[in-house]
Amino acid sequence: EVLLMMAMEEKTKRFRTHVVKEIYETEKDYTKKIRFFTHILEKARQKAMQDAAAKVESSFTDEKIKTLFCNIEEITAMHEDLMEVLDKTCATSLSYETPIAGCYLVIREKLGAYKMYGENNEQSQKVLYEFEEQQSVKAFFVAALLLGGHGDEDLSSYVFKPIQRICKYPLLFRVSVGAVPESRGVQVESGVEFGKINFV
């Protein structure tokens, strides 16, 4: 019976390690993607200014750009802060003992940014549809994605990424808390810290 319990705990440790690594790696990839999305926003703003200066009739207006991208800059800055903490915490190793829960407290008070992004989704989709129906505008975004090395994705996938990510957090964290070995104090740390985070 003792050997069975030890074997089960080792299995739990391995699974917890896998979950911690997944949280870290997907967070790193997500931050990279929304950073690039912010880069596209900057390019769109530049084009809007150029079109306005040249008095060219264009769909690239400040209002539509703001509607499409909403507060992605705020969300990106939030995750840059999070990655800084995650990188420091996970610098030595990624294992079942890594106190990854506490890292997310750095953005706990800022997660409301996702509520604004979500509430804007319907309007954002209308602008996205309009942009994709106009060949010149669509070509601009396709070129921006290709030049950035992201030609395998389209603009709509970037618009959806923040919504997909915030919806994934509760599941990842529930699995993480449930996968903590009972003999480790980190179980208490995970349960308490994750419980303090109110995901939108």
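This report describes the overall make-up of a predicted protein model and then one of its helices, H7.

The model is predicted, so local features are taken at pLDDT of at least 70 and side-chain atom pairs at pLDDT 80 or more, while totals for chains, interfaces and linings use all residues. Residues are numbered from 1 along each chain as its sequence is written, and side-chain values use heavy atoms, with hydrogens and water left out.

The protein has nine helices and zero strands, where helices (H or I, at least four residues) and strands (E, at least two) are DSSP runs numbered from the N terminus. Among contacts (heavy atoms within 4.5 Å) between residues at least 6 apart in sequence, 82% join residues at least 24 apart. Of the 200 residues, 42% are buried, buried meaning under 20% relative accessible area and exposed over 50%, with partly exposed in between (1.4 Å probe, protein chains only). The protein exposes about 11300 Å², of which carbon and sulfur atoms supply 55%, with areas from the Shrake-Rupley method and a 1.4 Å probe.

Helix H7 spans residues 135-147 and reaches 18 Å from its first C-alpha to its last, close to the 18 Å expected at 1.5 Å a residue, the expected span being 1.5 Å times one less than the number of residues.

| Side of H7 | Residues |
|---|---|
| Buried | Val137, Phe140, Phe141, Ala144, Leu145 |
| Exposed, turned away from the buried side | Gln135, Ser136, Leu146, Leu147 |

Just after H7, glycine 149 takes a positive phi of about 80 degrees.
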